[in-house]
Amino acid sequence: MKSTRITLSTLGVLALAACGTGTADNGDGADKPGPEDLKGHTFAIESVEGETRGEKLMKDSKLTIKFTDDGEIKLDTDCNQRFGSVEISGDTIKTDKLAGTLMGCEETRTEQEDWASEFVESEPEWKLDGEKLILTTSDATVTMKQSK
């Protein structure tokens, strides 16, 4: 009898533990996107709201962010590339200081690259809304669309 109670108790604990695994529910019954949903994908900038050092992104500029399958992040700007390791933990993207190429760029493009790199290094919160990646800090919100 005692052995049966212990076995049933153990099975109950294991059943409860199994219920706690998987992706989070976002409240509407759908699973919340996780870090694996970013790996292998590239996102292109659509808009920036908030502080960008007083400069607007240049109308003809491009900025893409790629999350590689092996834990790297790559920023591709109009002139240079920035890259480094990335850790996507919960709702936050964390990187070390990004390394980069050193092509000579016009001053406004260099300022834009520096801002983008510092923005990503500032541990923005992230969320996926369909094919849109939204990165947010206390200073700015960047909306990007998945590139094909």
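# Notebook: a predicted chain

**Entry 1, A140.** I began with A140, which has its place in strand β9. The model I am reading is a predicted one. Is A140 buried or exposed? Its relative accessibility is 4%, so I put A140 down as buried, the cut-off being under 20%. I then looked for what surrounds A140. Setting aside neighbours within four places in sequence, I listed contacts with E49, G50, E51, W115, F119 and L135. I followed up G50 from that list.

**Entry 2, the chain as a whole.** I counted 2 helices and 9 strands. Read from the N terminus, the order is α-β-β-β-β-β-β-α-β-β-β. The chain has 148 residues, and 30% of them are buried. Of the contacts between residues at least 6 apart, 52% join residues at least 24 apart. For the accessible surface I noted about 9400 Å², with 51% of this belonging to carbon and sulfur atoms.

How many aromatic pairs does the structure hold? I found 2. One is formed by F43 and F67, an edge-to-face pair with 6.3 Å from centre to centre and 70 degrees between the planes. F43 belongs to strand β1 (residues 41-50) and F67 to strand β2 (residues 64-67), so this pair ties together parts that are 24 residues apart in sequence. I checked burial for both partners: F43 is buried, and F67 is buried too.

The pair of W115 and F119 is stacked, at 5.2 Å centre to centre and with 25 degrees between the planes. Where do W115 and F119 sit? Both are in helix α2, and because they are 4 residues apart there, about one helical turn separates them. I noted W115 and F119 as buried.

Rolling a probe the size of a water molecule over the atoms shows where empty space is left. In this structure I found 1 cavity of 30 Å³ or more. The largest cavity holds about 40 Å³ of space.

Which residues line the largest cavity? I wrote down L63, I65, L75, W115, A116, F119, V120, L135, V142 and M144. W115 and F119, the stacked pair, are thus noted again in this lining. By type, the lining residues divide into 10 nonpolar, no polar and no charged.

I sorted the lining by element as well. Helix α2 (107-121) and strand β9 (140-146) each supply at least two of its residues. The largest share, 4 residues, comes from α2.

I stayed with helix α2, where S117 is found. Is S117 buried or exposed? Its relative accessibility is 2%, so S117 counts as buried. Which residues does S117 touch, not counting residues up to four places away in sequence? I noted L75, R82 and L98.

Key: Residues numbered from 1 in each chain as written. Predicted model: local features only at pLDDT ≥ 70, side-chain atom pairs only at ≥ 80, totals over all residues. Heavy atoms only, no water. Buried < 20%, exposed > 50% of the residue type's maximum accessible area, 1.4 Å probe, protein only. Contact = heavy atoms within 4.5 Å. Areas by Shrake-Rupley, 256 points an atom, 1.4 Å probe, with all protein chains shown as cover. 1 Å grid on protein atoms, 1.4 Å probe; cavity = no way out; pocket = protein on both sides within 12 Å on 5 of 7 lines; lining within 4 Å. Points joined across faces, edges and corners; volume = space filled by probe spheres on them. Nonpolar A, V, L, I, M, F, W, Y, C, P; charged D, E, K, R; others polar. Phe/Tyr/Trp six-rings, centres within 6.5 Å; stacked < 30°, edge-to-face > 60°.
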